[in-house]
Amino acid sequence: KYLKVPASKIEVIYNGISKQFKSLPKILKKPLLLYAGVWRSHKNLTNLIKAFKILHEKYPELQLIITGKPDPHYPEVKETVKKLKLQKSVIFPGLVSEKELLRLYNEAIIFTFPSLYEGFGMPPLEAMACGTPVACSNSSSLPEICGKNNAIFFDPKNPKNIAEKIEVLYKDKALQQKLIKNGKAHVKQF
């Protein structure tokens, strides 16, 4: 559009994901929600935490794991957890190794990705490859990368909607199995 190049001369080549991301037997059997990625404002972690507060009131057994290195320019993450009194239910393991990340993807019952903007969106695909159902933002590249029938999508600007969509997935075992099956097939394209 901007460079006036005919579409016939353009080919989209997606990123690929490592074969190390695969299903492993679960060890913990705990209801864990997982976010994996950097801490920046466009990753929208504060709205995820607000949504988790709504969920946690109904399902106190849930825990939220937020990996990644805290960003001094985004102190709102830990501040929101403290303000909402979720310190015992939101876990910050910090930067994790590839081996630890693989284990977390496999232990999580749902991978959550509330990003407002992504250029691609690798973590949801890694989660799918590990057999973890994905609940993610309906913005930017994520609907295209995750695919319509392979994830459940929410409005990342609305914590109530985030909580509602995660709850639907948490309660519906058949939907979880469908997304696991579809997700594993979908990631073979990458």
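Biologist: Which residue lies over the face of Phe92?

Modeller: Lys78 does, at 5.2 Å from the ring centre. A charge counts as sitting over a ring if NZ of Lys or CZ of Arg is within 6 Å of the ring centre and within 35 degrees of the ring normal. You can find another case at Tyr170, where Lys173 lies over the ring face at 5.6 Å from its centre.

Biologist: What should I know about the model before reading on?

Modeller: This is a predicted model, in which local features need pLDDT of at least 70 and side-chain atom pairs count only at pLDDT 80 or more, while totals for chains, interfaces and linings use all residues. Residues are numbered from 1 along each chain as its sequence is written, and side-chain values use heavy atoms, with hydrogens and water left out.

Biologist: Let's start with the overall picture. How many helices and strands does the chain have?

Modeller: Helices (H or I, at least four residues) and strands (E, at least two) are DSSP runs, numbered from the N terminus. Here there are seven helices and six strands. Reading from the N terminus, their order is β-α-β-α-β-α-β-α-β-α-β-α-α. The chain's radius of gyration (taken over C-alpha atoms) is 17 Å, close to the 16 Å that the globule rule gives for 190 residues, so the chain is as compact as a globular protein of that length. That rule is 2.2 Å times the number of residues to the power 0.38. Along its principal axes, the C-alpha trace spans about 55 × 35 × 30 Å.

Biologist: What share of the residues is buried?

Modeller: Buried means under 20% relative accessible area, exposed means over 50%, and partly exposed is in between (1.4 Å probe, protein chains only). By that count, 51% of the 190 residues are buried.

Biologist: Now the rings. How many aromatic pairs are there?

Modeller: A pair of aromatic rings is described by the distance of the centres and the angle of the planes. Rings of Phe, Tyr and Trp (its six-membered ring) pair if their centres lie within 6.5 Å; planes under 30 degrees apart count as stacked, over 60 as edge-to-face and the rest as tilted. The whole structure has nine such pairs. One of them joins Tyr14 and Phe120 in a tilted arrangement, 6.2 Å centre to centre with 50° between the planes. Tyr14 sits in the segment before strand 1 (32–35) and Phe120 in the loop between strand 4 (110–113) and helix 4 (122–129), so this pair links parts of the chain 106 residues apart. Tyr14 is partly exposed at 38% relative accessible area, whereas Phe120 is buried at 13%.

Biologist: Which residue pairs edge-to-face with Phe21?

Modeller: Tyr105 does, at 5.7 Å centre to centre and 75° between the planes.

Biologist: How many salt bridges does the structure hold?

Modeller: Side chains of opposite charge can pair when their charged atoms come close. A salt bridge is a side-chain nitrogen of Lys or Arg within 4 Å of a carboxyl oxygen of Asp or Glu, and there are five here. One of them joins Lys43 and Glu118 (2.5 Å, N to O). Lys43 is in the loop between strand 1 and helix 1 (45–58), and Glu118 is in the loop between strand 4 and helix 4, 75 residues apart. Lys43 is buried at 9%, and Glu118 is buried at 9% too. Another bridge joins Glu107 and Arg103, at 2.8 Å from N to O. Because these two are four residues apart in helix 3, about one helical turn separates them. Glu107 is buried at 3%, while Arg103 is partly exposed at 26%.
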